[in-house]
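Open the model in your viewer and keep the sequence panel beside it. Each stop below gives a selection and then what is there.

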Amino acid sequence: MIKYPKKPGFEPRLLLALGLHSVAIIAYQLVLMQMLSFIQWHHFAYMIISIAMLGFGASGTLVVIARKWFIKRAGWLIPMLMIISGLAMAVTFPISRQEIIQFDLYILFTEIRQFPRLAANYVLFFLPFFFGALAIGLIFIIHAKKIGVYYFSNLAGSGIGGILVLLMLSYFYPQQAFPLIALLPVISGVIIYSKKYKKAQIALTGISVAISILFFIRPPDITISEYKSLSNTMTLPDAEVIYSEPSIYGVIDVVSSPAIRYAPGVSLAFDKDVPVKPSVFLNGNMYGAIPKHDDSAKYNIHDYTTMALPYIMNDRDSVLVLKASTGTAISHALNNEADHTDGAIENKAVINLLKNEFAGKSNNLFHHPKINIIHQESRAFLNENHGKRSYNHIVLPLLDAFGGTAGLNALHEEYALTLEAFQLMWDMLKPNGVITISSWMDYPPRTTLKIFSTLCELAKNNNIDNAHKHIVAIRSWGTITFAIKKTPVNFIETQKIRRFSDEKFFDPVILPDIQPHERTKYNVMEDTSFFDYIDEIMFTDRTDIYHDYGFHIKPATDDKPYFSQFMRLRSVRYLAEVFGPAQMPFLELGYLIVLMTFIQSFVLALLFIIVPLFFLRRTGRGKLPTLLYFGALGLGYMFVEIILIQRFILFFGHPIFAITAVISTMLLSSGAGSYFSSKINDVTKSASKVNLIIAGILLLYAVGLTPILEATIGSHDILKIIVALIFIALPAFFMGMPFPLGIKHLSKSNESHIGWAWGINGSVSVIATSLAMLIAVEGGFRIVITVALISYLLAFGAMKLYKRIIV
C-alpha cells in the first residue's frame, strides 16, 4: 500500500491553491490563443494550443510510469510544480520570439526549416501545461476519495479564469497579460509551500516573480507574420502606427502613410487622385480604411468601382450596411443621397475610435444626422429587426482579398452569410429593394461562385423560377458585385448598367439579356470557364455542379456556417494534380492546418494513452472500461462545449461574448455538479444514471435548442442572459459529475488507473477539439451533437462493463 502524505489542517489551503492554479491555466491558454492569433492567424493558435494541451495527457502518462515516486514526494512536488508552471508561463512566449525559432504558418508547407521551428514552439508551449497539469493530477490522485470537492475547485477556478481574461484584455496587451497570469501559479505554490526543500522553493519563487515583473515592465517586441496585412502596410513609404490599443476584440492599430490609398478594383477610367486614408487593423488584419466623408463632394471614389451598381440602377433612400467596419459603405450611401443609413458594427472599440479619437479624420461621419451606428453583429441585427425595419438597399462588405486569402477564413463562422441570413435580408427589402455583395475575383473561382449559388438558392426559396431576371452582376479588372432585386430587373435598369459599364470599362456578367461577348469586352480572362459555371448555376438545378466541382460552393447554412470553407477532402488529390502540391496550401491553408492538427494530436494522444498500458499490465482487469469511460467523457464534454459556443455565437451576436459565456458558465456549473457528486455514495449506479440524464438532455437539445434560441434572440438582454444561463448550466451541471464519480470508483476498485484516467481524459479532450471542427465543417452541428450524445451513452455502457468485470 502507498502511504499518502499527511495533511492536517491543509485541505482549505490546497483547495484555494488548486482553484487559483486553475484560474492561471485557463487564462494562460486563452491569452496565448489571442496573442498567437495576432502574430500569425487563429489557425496557428489553434494548432499550438492543441499540441500544448496534450501536456495534460503526458502528465497522466508520467504519473502512471512513476506513480510511487511522485506520490511519495507529492508534499513538496505539488507546490514546486505550480511555481515551475508559473515560471514557464512567464518565459515561454519571450523565448518563442527569438529569431532562431520564430515560425510562420503561411509558408509551413513550402519551407522545410519551418518544421523544426514548429516543433520548438510545440515543446515551449507544452511545458506550462505539462507542469501545471502534473500538479493537478497529483492532487486528484492523492485525494481521489474526495475528488468531487477538488474537481469543483479545479472547474470553478477555470470558469473564473475565463472571465478574468475578458477583463484583462480590455486593459492590457496580451504580452503584458502573460507575466500577470504567471504570478498566479507562483502564489498557489506559496500558499501550500512545503518545509522540505524550502530554500529551493523560495529561490524559485523569487526568480519567477522577478522575471514576471521584468516582462510586465518591458514586454518582448512583437514581430507579426510578414504575410499579414499590417506587415505589408508597414513596408509602405513613411508608414507609422499612429494609434494602438488592446481590446477584448483584439489589438487595434491605426496606420498612416501617404501611400495608403483604398479604392478596391477602381475603374481604369478614373483619372483623379485616389484619396489617402488611414487604415484600421484588428489583430494585424485589415479591418477597414477611414473614409474622409464630404457631403458636398462631387463624387465618391466608390462611384468608380463595381460597388456603385445598386445606386446607378435606382435611387436608394434607406440603406442598411452590414459589417460596416470603418464606414466606407456608409459614406458611399450618403454621397448617393440616402436619406437614412443604418450601419451594424460588431466592434465597440472601433465605433468609439471613430466617434472620438478619429472623428476628425472621417469628418465626424459617425455623428452624421442621417446615419445610425448600431453596435451589433450583423446577423443579430437581422434577427432582432426582422419584420420591424425595411430598406431599399442592403449591402454586404467586400469579401476575400486581392490575391486571395489562402483559405485562412475557412473555419470562421459567418452567420451573416448563411442562406437563412439572406432570407432575413430578403424579408426586410422594400418592393423595389436590392441586396448587394461584392468580392475580389478569385482563381480558381470559389468565393464568387458561392455568392452566386447563395443568391440563386435564395431566389428559388422565394418561388422565383427565373433568377436571371432578378440577379445582375458587373466586374472590373479585380472585383465583382452581385445584386439581387426583389422585383424583376427592368429594361431601363439594364440599360443604365450597360451604360455605366461602358463608361467605367467594366463588364456585365449577369443581365436578363446578357450576350456572351459583353462579358469580356474590357477585361479579358484567359480562362473563361467562370462564365460557364455561372450559367450552370443559374440555369440548372445545381445538383451536378455542387457534386462535381472541385471546391465546396453550396451555400452556407446556420448548421454549417462556414462560408469561406471550400476544401473538399475527396478533391485534394485532383486539385494537387491540377495546381501542383506546392500550390495546394495556398488555396485552402486553413482547412489543411486543422486537418494536420487533428492528425498530430491523434498520434500523440494515442501514444500517451497506450504507453501506460505497459506499466498497468499487472494491475488487474478493467482497462477497457477505463479507456472507454474516460475517453468518452473527454470527447463528449468538448463536443457539447463547441456546440454551445456555435449556437450562442448566433444568440449573443459575437464570438467573444459567446465563448466567455459558454466556457465560464459550463466550468462553474460543472464545478457545482462535481461538488454535489462528492455527497453521493453509490458511485457506480449514480455514474450510470447521470450519463443517461446527460444523453437525454442532449437529445432534447438536438431537437429544441435552436428553435428556442431563435424565438428569444430578439428579447431584452436580461431575458437573453437568463435563457443562456439555463441552457448552458443545465447540461453542464450534470456533466461535472461523471468524471469525479469515475475517479472515486477507481479509488475503490483499481487505484493504479487514476493517473491513466486523467491522461486519457486530457488527451481525448484535445483530439475532440479539432475533430469536432472537422465534423462540423463536413457534416454540420447536428452531427456533432449526435456524436456527443453517443459518447455519453458509451460512458454509460462502460460503467456497466465495470460492474461485470470488477466484482
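Between which two elements is the loop that holds Glu414? Select Glu414: its loop runs between β8 (391–399) and α15 (419–427). Helices (H or I, at least four residues) and strands (E, at least two) are DSSP runs, numbered from the N terminus.

Two notes before moving on. This is a predicted model, in which local features need pLDDT of at least 70, side-chain atom pairs count only at pLDDT 80 or more, and totals for chains, interfaces and linings use all residues. Residues are numbered from 1 along each chain as its sequence is written, and side-chain values use heavy atoms, with hydrogens and water left out.

**Stop 1: Glu414**

Stay on Glu414. It is buried, because its relative accessible area is 18%. Buried means under 20% relative accessible area, exposed over 50%, and partly exposed in between (1.4 Å probe, protein chains only). Now show its contacts, meaning heavy atoms within 4.5 Å. Leaving aside neighbours within four places in sequence, Glu414 touches Lys323, Pro561 and Phe563. Next, draw a C-alpha to C-alpha distance from Glu414 to Ser501. The two are 87 residues apart in sequence and 31 Å apart in space.

**Stop 2**

Select Asn300, in the loop between β4 (285–289) and α11 (309–313). Asn300 counts as buried because its relative accessibility is 7%. Its side chain makes a polar contact with the side chain of Asn335, at 2.9 Å. A polar contact is a pair of N or O atoms within 3.5 Å; within protein, one must be able to donate a hydrogen and the other to accept it, and residues adjacent in sequence count only if both atoms are side-chain atoms. Not counting residues up to four places away in sequence, Asn300 is in contact with Ser331, His332 and Asn335.

Pick them out: Thr328, Ile330, Ser331, His332, Ala333, Leu334 and Asn335. What do they pack against? Colour β4, α11, β5 (318–321), β6 (340–345) and β7 (371–375) to see the partners. After α12 comes Glu337, with a positive phi near 65°.

**Stop 3**

Select β2, residues 252–256. Four of its five residues are buried, so this strand is largely enclosed by the rest of the structure. Two strands pair if DSSP finds at least two bridges between them. Glu240 stands opposite Ser256 in β2. The hairpin of β1 and β2 has six residues between the strands, and there Gly250 takes a positive phi near 135°.

β2 and β3 pair in the antiparallel sense over four bridges. Val254 has Val280 in β3 as its bridge partner.

**Stop 4: backbone details in loops**

- Select Tyr443 and Pro444. A cis peptide bond joins them, with omega about -5°. Pro444 lies in the loop between β9 (429–440) and α16 (447–461).
- Select Asn363, in the loop between α13 (348–355) and β7. Its phi is positive, near 60°, in a residue other than glycine. Asn363 counts as partly exposed, at 41% relative accessibility.
- Select Arg542, in the loop between α18 (529–539) and α19 (543–548). Its phi is also positive, near 75°. Arg542 counts as buried, at 6% relative accessibility.

**Stop 5: the cavity**

How many cavities of 30 Å³ or more does a search of the whole structure find? It finds one. On a 1 Å grid over the protein atoms alone, a cavity is a set of points where a 1.4 Å probe fits but cannot get out, and lining residues have an atom within 4 Å of a point. Grid points are joined across faces, edges and corners, and a volume is the space filled by probe spheres set on the points.

The largest cavity has a volume of about 50 Å³. Select its lining: Arg647, Leu650, Phe651, Thr706, Leu709, Glu710 and Ile713. Helices α23 (623–652) and α25 (683–712) each supply at least two of the lining residues.

Conventions:
1 Å grid on protein atoms, 1.4 Å probe; cavity = no way out; pocket = protein on both sides within 12 Å on 5 of 7 lines; lining within 4 Å.
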